[in-house]
Amino acid sequence: MSDPADQGFVAALTHQLQTRFLGKPLHFFVTIDSTNTYAARLAREGVSEGAVVIADSQSGGKGRLGRSWISPPGVNLYLSAILRPPVSAAVVPQLNLIAAVAVADTIVQATSLTPAIKWPNDVLVGGKKVCGILAEMQTEAGTLRSVVLGIGVNLNAPLRAFPEELRDKASSLFLAGGQSVDRAAFTTTLLTHLEKLYVLWLEEGFPALRPLWERHAAGMIGKQITVAAPEGMVAGTVLGLDTDGALLLREGERETRRVLAGDVTVVGGYAQGEKS
Ligand code: BT5
């Protein structure tokens with residue numbers, strides 16, 4: 001670690017963190033290809049649940065489906081947590097939703113902004129993406145061994161940090177609210193919320209999380225959306241979440257359809273400043 005700003009961030013984070021297991025230990029890098037890739041390696045090597053990898057910048061930050069995550073230095077949060085939930089691989093996508101709730105709760109606590117969750121893995125502010133989540137699992141002979149839960153949050157990125165083509169779709173908490181966000185305090189709050197929600201999920205299952213998710217996703221409910229799903233394009237009105245986290249859509253007059261994965265577009269977009 002050469003940059004004193006990074007040292008301040010890590011020292012403050014280590015000092016403030018009072019979680020039971022999440023962030024213990026913390027692995028910090030000034031720069032890395034992808035915190036998810038490194039965390040997956042640690043997971044394969046047998047690191048215990050709760051280890052967290054944080055980088056100041058990523059040279060190959062990953063999105064879903066081979067897409068990339070813009071990860072400039074000094075301004076944002078790039079974090080991957082190693083979890084070992086005793087669940088089947090089928091419910092792992094629920095961790096995306098849990099992380100989105102944790103991020104939205106943290107934004108509410110740390111800023112005066114109103115976040116909105118966009119299923120399955122985005123958190124928006126003012127209709128623009130400020131956070132992306134990437135849950136990747138490691139299995140062995142069909143059994144789930146670990147999950148790497150990657151979270152990227154644009155905290156203080158200035159507009160010039162985003163390539164031109166992203167500027168009308170992406171934002172940071174600083175750009176949206178006009179105030180810079182303390183990275184260590186934000187990360188501490190996020191890990192605290194994430195640990196609490198994860199434990200609730202382990203103890204009570206997804207139904208306990210569903211109302212928390214829906215509270216931050218009110219901007220989507222009742223909206224007409226299209227989803228680029230693995231099975232093709234799907235269109236309908238959002239009814240909410242099923243008990244397992246699948247998105248429930250109304251198609252036509254009566255038909256209800258479950259969507260398990262995909263990229264959502266809200267027809268007409270999220271209204272600017274919409275309450276979630
Ligand atoms: C995601 O993918 O949103 C998941 C992003 C996960 C990033 C974290 S950072 C820590 C950890 N380590 C990693 O390597 N990854 C995780 P997806 O839904 O596929 O969205 C990707 C798309 O979002 C890109 O194709 C761009 O259009 C847009 N995008 C890229 N960088 C962005 C940024 N910094 N802020 C907002 N949008 C961005």
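Me: Two strands count as paired if DSSP finds at least two bridges between them. With that in hand, what is the order of the open sheet of five strands?

Reply: The order is E11-E10-E9-E8-E12, and the pairing is antiparallel. Strand E11 (255-259) and strand E12 (263-266) are the edges: each has a single partner strand, so one side of each has no neighbour in the sheet. On average, neighbouring strands here are turned by 45° against each other, direction ignored. The strand names come from DSSP runs numbered from the N terminus (E, at least two residues, for strands; H or I, at least four, for helices).

This is a predicted model, in which local features need pLDDT of at least 70, side-chain atom pairs count only at pLDDT 80 or more, and totals for chains, interfaces and linings use all residues. Residues are numbered from 1 along each chain as its sequence is written, and side-chain values use heavy atoms, with hydrogens and water left out.

Me: What makes E8 and E12 a pair?

Reply: Four bridges join strand E8 (residues 224-229) to E12, and the two run antiparallel. To find the spot in your viewer, look for Ala 228, which stands opposite Asp 263 in E12.

Me: Now the open sheet of seven strands: why is its pairing called antiparallel or mixed, and which order does it have?

Reply: The pairing is mixed, and the order is E1-E2-E3-E7-E6-E5-E4. Strand E1 (26-32) and strand E4 (115-118) are its edge strands, each pairing on one side only. Neighbouring strands are turned by 20° against each other on average, direction ignored.

Me: What do the turns of the hairpins look like, starting with E6 and E7?

Reply: That hairpin has two residues between its strands, and Ala 141 in the turn has a positive phi of about 50°. Ten bridges join E6 to strand E7 (residues 143-153), which run antiparallel. The hairpin of E5 and E6 likewise has two residues between the strands, with Gly 126 at a positive phi near 55°.

Me: Which angle do helices H3 and H5 make?

Reply: Helix H3 (residues 94-110) and helix H5 (residues 183-204) pack at about 140°, with axes 9 Å apart. That makes H3 oblique to H5, because under 35 degrees is roughly parallel, over 145 roughly antiparallel, 65 to 115 roughly perpendicular, and the rest oblique. The angle runs from 0 to 180 degrees between N-to-C directions, with axes fitted to C-alpha atoms over the stretch in contact.

Me: What makes the chain as compact as a globular protein of its length?

Reply: The chain has six helices and twelve strands. Its radius of gyration is 18 Å, close to the 19 Å from the globule rule for 276 residues, so the chain is as compact as a globular protein of that length. The radius is taken over C-alpha atoms, and the rule is 2.2 Å times the number of residues to the power 0.38.
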